[in-house]
Amino acid sequence: MGSRPRRLLGHCLLPPALFLLCLLCSAVSARTSHGGAPKRQRNVTRWKGKAIDVGGCDLFQGSWIYDDAYPLYDSSSCPFVEPEFDCQKYGRPDKLYLKYRWKPTACDLPKFKGEDLLERLRGKKMMFVGDSISLNQWESLACMLHAAVPGAKTTLDRKDPRSSLWFEDYNASVMFYRTPYLVDIVQDKIGRVLKLDSIQSGSSWLGVDLLIFNSWHWWTHRGSIQPWDYMQEGTNVYKDMDRLVAFYKGLSTWARWVDSNINSSTTRVFFQGISPTHYSGRDWGDPSARNCNGQTQPLGGSTYPGGSPPEDAVVRKVLAGMARPAYLLDVILLSQLRKDAHPSAYSGDHSGVDCSHWCVAGLPDAWNELLYAALVL
């Protein structure tokens with residue numbers, strides 16, 4: 001890994017408390033004087049040089065309302081749902097969680113039109129890049145598009161790290177690229193090394209017209225499910241470091257890669273905000289709830305008792321420092337309210353209770369409705 005000698009430092013010496021304090025100060029300065037909710041900058045991005053604004057309406061501030069027209073499709077009719085997310089197939093007895101629609105406070109989301117999206121993607125490629133949360137969203141969109149054009153000819157090529165769903169009639173590819181950390185993991189003589197300042201796999205993302213990135217889920221993993229032995233930045237090698245600090249370093253590397261490699265006049269870049277977990281009822285004001293299992297309805301209102309986690313501040317800080325900021329799909333609040341939308345005990349490929357991923361059909365459909373809104377408004 002280079003000719004310069006490396007220094008094995010054991011643990012990162014950057015004080016995590018100082019790092020977190022800086023993030024908290026940023027969050028506090030962004031709060032309103034009434035209600036304490038963080039102010040969100042309006043997402044303004046460019047698509048082929050044209051500025052896109054959501055007209056002053058914060059699409060990500062709102063609440064969940066019951067709508068009998070939902071879900072947008074029947075998961076049993078979608079050939080792309082994997083057992084991990086297919087809650088109905090694997091025994092979930094309730095269906096109320098399928099009947100909620102995200103309603104922004106100051107406006108309405110445009111109706112999702114799958115055929116229109118495919119027309120916009122005609123001759124183009126879009127790619128979800130990240131971990132299994134990106135897989136969650138990719139499979140959701142595949143089902144939404146299939147429901148819109150059920151007779152369309154499709155070809156599914158499922159491989160690791162890149163999978164592709166091709167809509168032949170539109171010559172449109174909707175892809176998923178698995179890279180949980182966005183930065184590289186390489187095999188070295190000392191073991192598996194998470195390189196916080198390297199993105200070699202980025203060459204696979206070039207030439208794509210629409211990129212939706214995601215990362216965080218795997219940064220907290222430890223023990224047998226941690227896929228690396230050391231972290232490296234420059235010539236310094238660490239046995240471990242504060243995971244928020246590592247996430248900030250890795251995500252900053254991704255931001256520099258985007259600024260250096262992506263032409264914003266031809267490629268639209270999104271970053272999916274933090275996808276929350278629901279493993280403690282105290283987070284949503286119910287200390288008696290051990291986790292998400294048995295939850296059947298979303299939280300009402302537009303606030304989450306547990307507040308915004310520090311990893312969300314990391315994402316906002318990194319995106320704010322980009323030369324050409326990615327559009328933030330700010331899904332954290334609307335997802336925090338959905339304690340009912342996880343597979344819980346009804347995953348076909350996850351032992352125990354899964355309060356990290358999401359049922360399909362379900363919450364990821366709303367993420368894709370918001371993605372569609374960002375493209376058409």
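Select Tyr177, Trp205, Phe213, Trp254, Trp257 and Phe271, which together make up one aromatic cluster. Rings of Phe, Tyr and Trp (its six-membered ring) are paired if their centres lie within 6.5 Å; planes under 30 degrees apart count as stacked, over 60 as edge-to-face and the rest as tilted. This is a predicted model, in which local features need pLDDT of at least 70 and side-chain atom pairs count only at pLDDT 80 or more, while totals for chains, interfaces and linings use all residues. Residues are numbered from 1 along each chain as its sequence is written, and side-chain values use heavy atoms, with hydrogens and water left out.

**Aromatic pairs**

The structure holds 14 aromatic pairs. Select Tyr181 and Trp219: this pair is edge-to-face, with 5.0 Å centre to centre and 80 degrees between the planes. Tyr181 lies in the loop between strand E9 (172-178) and strand E10 (184-188), and Trp219 in the loop between strand E12 (210-213) and strand E13 (230-233), so the pair ties together parts that are 38 residues apart in sequence. Helices (H or I, at least four residues) and strands (E, at least two) are DSSP runs, numbered from the N terminus. Both Tyr181 and Trp219 are buried, where buried means under 20% relative accessible area, exposed over 50% and partly exposed in between (1.4 Å probe, protein chains only).

Next, return to Trp205 and Trp257, an edge-to-face pair at 5.1 Å centre to centre and 75 degrees between the planes. Trp205 sits in the loop between strand E11 (191-195) and E12, and Trp257 in helix H4, 52 residues apart. Trp205 and Trp257 are both buried.

**Helix H4**

Stay on helix H4 (residues 243-261) and select Thr253. Thr253 is buried, with a relative accessible area of 7%. A polar atom of its side chain lies 2.5 Å from the backbone oxygen of Leu196. Leaving aside neighbours within four places in sequence, Thr253 is in contact (heavy atoms within 4.5 Å) with Val183, Leu196, Asp197, Ser198 and Ile199.

**Charges over rings**

Display Arg178, which lies over the face of Trp218 at 5.5 Å from the ring centre. Lys239 lies over the face of Tyr230, at 4.6 Å from the ring centre. The criterion is NZ of Lys or CZ of Arg within 6 Å of the ring centre and within 35 degrees of the ring normal.

**Disulfides**

The structure holds four disulfides, each a pair of cysteine sulfur atoms within 2.5 Å. Select Cys57 and Cys107, whose sulfur atoms are 2.0 Å apart. The torsion about their S-S bond is about -70 degrees, so this disulfide is left-handed.

Move to Cys78 and Cys143, joined at an S to S distance of 2.0 Å. This link is also left-handed, with -85 degrees about the S-S bond. Cys78 is in the loop between E4 and E5, and Cys143 in helix H3 (residues 132-148), 65 residues apart.

Then select Cys87 and Cys359, with sulfur atoms 2.0 Å apart. Cys87 lies in the loop between E4 and E5 and Cys359 in the loop between H6 and H7, so the pair ties together parts that are 272 residues apart in sequence.

**Confidence**

Finally, colour by pLDDT, the predictor's confidence in each residue, from 0 to 100. The mean for the protein chain is 89, and 85% of its residues reach 70 or more. Over residues 27-53 the pLDDT is below 50. Where pLDDT is low, the predicted coordinates should not be read in detail.

Notes. Polar contact = N/O pair within 3.5 Å; in protein donor to acceptor, adjacent residues only side chain to side chain.
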